[in-house]
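Please open the model in your viewer and keep the selection panel at hand. The stops below each name something to select and then say what is there.

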2 protein chains.
Amino acid sequence: MKAKVYVMLKEGVLDPQGAAVQHALGALGFDGVEGVRQGKVIELDLATGTTEATVREMCEKLLANTVIESYRIEM
Amino acid sequence: MKAKVYVMLKEGVLDPQGAAVQHALGALGFDGVEGVRQGKVIELDLATGTTEATVREMCEKLLANTVIESYRIEM
């Protein structure tokens, strides 16, 4: 079975990578880019029967730094 | 207006980051993790009226390395 975890920086946390991408897009001539935020998408191939609670535990322990990141699980 | 770009490594391309996450999950006691692939999600804040074609051009020029990565756009 598959699960997807989306990890993004929390609102208000500085996103240097997003800022770098925004700057680069501007330098390439793409105007009208008002903001860029970059996060992770993690695709998990799990044994059948793995529960969302287990995936949540994976996020809390490893996949997301919950101090500055929020995560969303898609089972 | 917002657009989201999902960038993943193409099938068959080695994903060392995914392998590292899989190994770490195993070390934390999460058995039943058969595979992990990690990619990027990029949230773009764009001027109203920006077309999908423009976002596609951003992907082709900067956001994705189309030799080893594939991307999906959500407008």
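**Stop one: a helix in chain A**

Select A:Arg56 and A:Glu52, which form a salt bridge whose closest N and O atoms are 3.0 Å apart; the term stands for a side-chain nitrogen of Lys or Arg within 4 Å of a carboxyl oxygen of Asp or Glu. Both A:Arg56 and A:Glu52 belong to helix α2 of chain A, where they sit four residues apart, about one turn of the helix. Helices (H or I, at least four residues) and strands (E, at least two) are DSSP runs, numbered from the N terminus. Over all chains, the structure holds 10 salt bridges.

This is a predicted model, in which local features need pLDDT of at least 70 and side-chain atom pairs count only at pLDDT 80 or more, while totals for chains, interfaces and linings use all residues. Residues are numbered from 1 along each chain as its sequence is written, chains are lettered from A and ligands numbered from 1 in the order in which they are written, and side-chain values use heavy atoms, with hydrogens and water left out.

**Stop two: where the chains meet**

Now colour the two chains separately and select the contact (heavy atoms within 4.5 Å), to which chain A gives 31 residues and chain B gives 31 residues. Between chain A and chain B there are zero salt bridges. The side of chain A that touches chain B draws at least two residues from each of β1 (2-9), α1 (16-27), β2 (33-46) and α2 (52-63) of chain A. The most comes from β2(A), with 14 residues.

**Stop three: the paired strands**

Select β2(A) together with strand β2 (residues 33-46) of chain B: the two run antiparallel and are joined by 13 bridges, where strands pair if DSSP finds at least two bridges between them. As one example, A:Gly35 has B:Asp45 in β2(B) as its bridge partner.

**Stop four: two rings**

Which rings make the edge-to-face pair? Select A:Tyr6 and B:Tyr6, whose ring centres are 5.9 Å apart and whose planes stand at 70°, so the pair is edge-to-face. Rings of Phe, Tyr and Trp (its six-membered ring) pair if their centres lie within 6.5 Å, and planes under 30 degrees apart count as stacked, over 60 as edge-to-face and the rest as tilted. This pair crosses between chains, from strand β1 of chain A to strand β1 (residues 2-9) of chain B.
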